[in-house]
Amino acid sequence: MTLCTTAFAATAQTTPDFNYTDETFADIQMLRYQVAGFDKLTVRQKTYIYYLSEAALHGRDILFDQNGRYNLRLRRAFEAIYTAYKGDRNSRDFQAFAEYLKRFWFSSGLHHHYGSEKFEPQFTPTWFATALQSVWDEKGLSRLVAPDKQNSNGACRAFLEDVLPILFDNKVMPMRVNQRDGDDLLLTSAENYYAPDITQAEAEEFYTQRKAPADPHPVMTGLNSRLVRGCDGLREEVWREHGLYGQAISRIIENLLKARPFADNIQQQAVIDKLIEYYRTGDLRIFDEYSILWLQETDGLIDFVNGFTETYGDPLGLKASWESIVNFKDLEATRRTETLSANAQWFEDHSPVDQRFKKPQVRGVSAKVITAAILAGDLYPSTAIGINLPNSDWVRREYGSKSVTIANLTSAYSHASRGSGFDTEFVIDEPTRTLINQYGDVTDDLHTDLHECLGHGSGQLLPDTDPDTLGVYGSTIEEGRADLFGLYYMADDKMVELGLVPNAEAYKAHYYTYMMNGLMTQLVRIKPGNNIEEAHMRNRSFIAHWVLEQGRADRVVELVERNGKTFVRINDYKALRTLFGRLLAEVQRIKSEGDFVAARALVENYGVKVDASLHNQMLERYARLNLAPYKGFINPVYIPEYNNEGQIADVRISYNEPYDEQMLRYSRDYNDLPDVNE
Ligand code: ZN
């Protein structure tokens, strides 16, 4: 389960003049992250990172295809125009097209990476058709249509007939992931995890039948396949070496094999071997075995995630998008998270949840602070700043999980946001701003650690609770649970005792920014008229609105007006903590008992709906600051230098590649999947 919150300061040694910010387009600002410490690694370690990063980048096409079945063809057509168009490149149409393509690259497809709504092109269909026609032959684009149409003169026309409605008709594929209660979530979602005509009821029946009810170690059924209609009913196309996405998976395996000799230790080699076995077979039992080996390997400096991991992109929460990150330990900062892990049992024992829902023994909570070296798949360019894996409930219960916070990314966010004027506009008064300036970084940091190291790993399901009972609300409830665990403990005296905060007031900085974000400022990420869809945004919203309502009689937290502007005012921080504790107990009960009705009520009543007038006010105030609400990262470039025997003698790192050149290079060098995959 990944987490994406605001920034905190990092401890890694960085170069002072590093350029963290890059270009801005639409609602996005591109940033760069510094891989501090890379130059100090040995050649062996650099070589290991290099091949793992190659294995990471080879999964790129998979995500594009998972996000929508036209995405790869569209990307190739767009890139042909972008590189070969001979018409007026300063025209409004071309400029609008270039911006559209940058957004398309950013979200690995046609839909917004966060809100999941389809982009509206600001260029005309006529311009697009003419531009495409003008590069069609030169770029050999006939390969983008089905073989029987490739040789005809009308290949370009056939392609346009297919894609023009997809690009320009806002009724076609309007959402990548639709979560609206009551809709058929599959028929109304454009993701490519299910063939287009499969209904939600059919898919749910298919997977209900495949569940072994008494299995104490159930695999995550459906995780690594696309569901399609065969001649006699539904069947899965499994993502594996000789299955769907096999061409990309083979290249991933090839680079994992090249990385293997340079691993930090033999456990890591065993992890790689098991991952390759899983990629070859597609067997989910082997995936669980791999996950266990992976979470138990904590001694090495370098680590990676590479695979089908998070299920946020599937409206039914079964199928996992492909992602990868390669990283190495930030030793200094890791001491902080180790302090939390060492006290995991104390936190479990003292939490405000019912005894029946507590783990008698919290196992294997490992945590470290890492430096990201490459981001790929669903972690690129938009990324998480903390990761807690694996996701299998029984593996977590019996073996624990591995948890990381990514310090060089949060450091980049923090540098980029300095002096943006955001706090001046939205924080209620000077004393609160001072509090946030003093303790905001350290407490945001601590909340991320508590969320990842302890929150997700805490609690247990009752023995007969099916882990999938919460359905579409599962992710939101789980993220809310981890957030609440962090909020509750941040204000505990134990934090001061362990030396994790400087004093007993510091937590207030995070309480304020959390409430401000959940009640108001996260709305700047939502378009007017839309509801909140994304799981993390929903969890922050339901937490903030629930405590606002529950504390209303005692005026614990209020929304107040000043000069026509709304602000959050917290009158009683101690009472707020008590409310967080009450909600944590309730959310843990919902999770442990699998109470779908209560989960739905909590999320739908407090997490989804948006107050239109407050929303407009936020958008107006935010617009005046001229900030991009979303950020993402351009990767560094790793350049291997070879000796006469063809072995890597060193790996240089460069931070100069422009965003569009990086995307075009990836499309050229990691172009693994076929044009037409039907
Ligand atoms: Zn999380």
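Two strands are said to pair if DSSP finds at least two bridges between them. In this predicted model, strand E2 (21-25) and strand E3 (residues 28-32) are joined by three bridges and run antiparallel. Within this part of the structure, Phe25 is placed opposite Ile28 in E3.

These strands belong to a sheet. Strands of a sheet pair through backbone hydrogen bonds, in either a parallel or an antiparallel manner. The sheet considered here is open and has three strands, in the order E2-E3-E13, with mixed pairing. Strand E2 and strand E13 (630-634) stand at its edges; each has a single partner strand, so one side of each is left without a neighbour in the sheet. On average, neighbouring strands of this sheet are turned by 25 degrees against each other, direction ignored. Across E2, E3 and E13 lies helix H4 (residues 92-106), which runs at about 115 degrees to E2.

The discussion now turns to a pair of helices. Two packed helices are described by the angle between their axes and the distance between the axes. Helix H3 (residues 71-84) packs with helix H25 (residues 659-669) at an angle of about 125 degrees, and their axes are 12 Å apart. Angles of 65 to 115 degrees count as roughly perpendicular and those over 145 as roughly antiparallel; H3 and H25 are therefore oblique to each other. The crossing in which H3 passes H25 is left-handed. On the side of H3, the contact is made by Arg75, Glu79, Tyr82 and Thr83, while H25 contributes Asp660, Met663, Leu664 and Ser667. Sorted by class, the contact of H3 with H25 has three charged, three nonpolar and two polar residues.

Technical notes. Residues numbered from 1 in each chain as written. Predicted model: local features only at pLDDT ≥ 70, side-chain atom pairs only at ≥ 80, totals over all residues. Heavy atoms only, no water. Axes fitted to C-alpha atoms, helices over the stretch in contact; angles between N-to-C directions. Helix = DSSP H or I, 4+ residues; strand = E, 2+ residues; numbered from the N terminus. Parallel < 35°, antiparallel > 145°, perpendicular 65-115°, else oblique. Left-handed = near helix turned anticlockwise from the far one by under 90°. Contact = heavy atoms within 4.5 Å. Nonpolar A, V, L, I, M, F, W, Y, C, P; charged D, E, K, R; others polar.
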